[in-house]
Amino acid sequence: MAKLILLCLLAIFCFALTSHAATYVVGDTSGWDISTDIDSWATNKTFNVGDVLLFQYSSSHSVSEVNKESFETCNTTNSLTTFSNGNTTVTLSNAGKKYFVCGNKLHCLGGMKLQVNVLEDDKKSVTVGAPEAQPQPQPTIPKPSSKTNNPSSTGTPSSDAFINGGIGSLIIAFVFMVSTMFGLFQI
């Protein structure tokens with residue numbers, strides 16, 4: 001019985017060490033919209049490799065990842081990628097500056113664009129890093145319908161990030177398999 005408890009504690013510890021990636025809802029409850037102050041939203045946030053940006057927007061918008069020059073001029077002719085499904089997730093897979101704009105040039109010129117500086121994981125672990133965050137339930141995230149810029153709404157997670165599991169589940173399975181093979185506990 002003591003071995004089973006020790007194994008469970010080890011599994012929980014492994015999962016806790018690997019759960020670092022954060023998901024940021026761009027614009028919080030206001031979403032990716034012309035009425036959202038995207039620059040203020042991004043201020044004081046640290047984005048790391050492995051973090052996810054969640055863009056929620058109406059059918060009159062889109063999200064295009066562009067280079068720096070296109071970002072500054074709101075040109076989407078040579079977009080790296082373009083999304084228009086209203087609920088877009090972008091994983092920040094490498095370090096460096098990333099640029100996102102609305103496909104509607106007038107919206108982009110009005111401030112509907114986002115620049116993020118993605119940092120390497122300073123922990124140098126096997127998993128990708130992110131800001132530490134308190135776990136929150138992961139509710140179904142509705143598409144924004146009315147843009148009031150009122151962050152008092154509940155039910156939609158804020159950009160303080162919520163935890164996504166990492167490689168921990170693989171470690172748990174491996175530890176369980178090895179311990180079973182060596183007879184550390186009986187089921």
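Trainee: Which residue of S3 stands opposite Tyr24?

Mentor: This is a predicted model, and its strands S1 and S3 run parallel, joined by three bridges. Within this pairing, the residue of S3 that stands opposite Tyr24 is Leu53.

Trainee: In what order do the strands of the open sheet with mixed pairing lie?

Mentor: Strand S1 (23-25) and strand S6 (87-91) each have a single partner strand, so they stand at the edges. Neighbouring strands of this sheet are turned by 20° against each other on average, direction ignored. The open sheet has three strands, and their order is S1-S3-S6.

Trainee: Why is one side of strand S1 and of strand S6 left without a neighbour in the sheet?

Mentor: The order of the strands is S1-S3-S6. One side of S1 and one side of S6 lack a neighbour in the sheet because each of these edge strands has a single partner strand.

Trainee: How many residues does the largest nonpolar core have?

Mentor: Leu53 touches Tyr24, Trp41, Phe100 and Leu114, among others, leaving aside residues up to four places away in sequence. Leu53 is also one of the residues with the most contacts inside the largest nonpolar core, together with Trp32, Phe55 and Leu114. Helix H2 (38-42), strand S3 (52-56) and strand S8 (113-119) each give two or more residues to this core. The number of residues in the core is 21.

Trainee: In which sense, parallel or antiparallel, do S7 and S8 pair?

Mentor: Strand S7 covers residues 96-101 and is joined to S8 over six bridges. Lys97 stands opposite Asn117 in S8. The sense in which S7 and S8 pair is antiparallel.

Conventions:
Residues numbered from 1 in each chain as written. Predicted model: local features only at pLDDT ≥ 70, side-chain atom pairs only at ≥ 80, totals over all residues. Heavy atoms only, no water. Core = buried A, V, L, I, M, F, W, Y, C linked by side-chain atoms within 4.5 Å. Buried < 20%, exposed > 50% of the residue type's maximum accessible area, 1.4 Å probe, protein only. Helix = DSSP H or I, 4+ residues; strand = E, 2+ residues; numbered from the N terminus. Contact = heavy atoms within 4.5 Å. Pairing = 2+ DSSP bridges. Axes fitted to C-alpha atoms, helices over the stretch in contact; angles between N-to-C directions.
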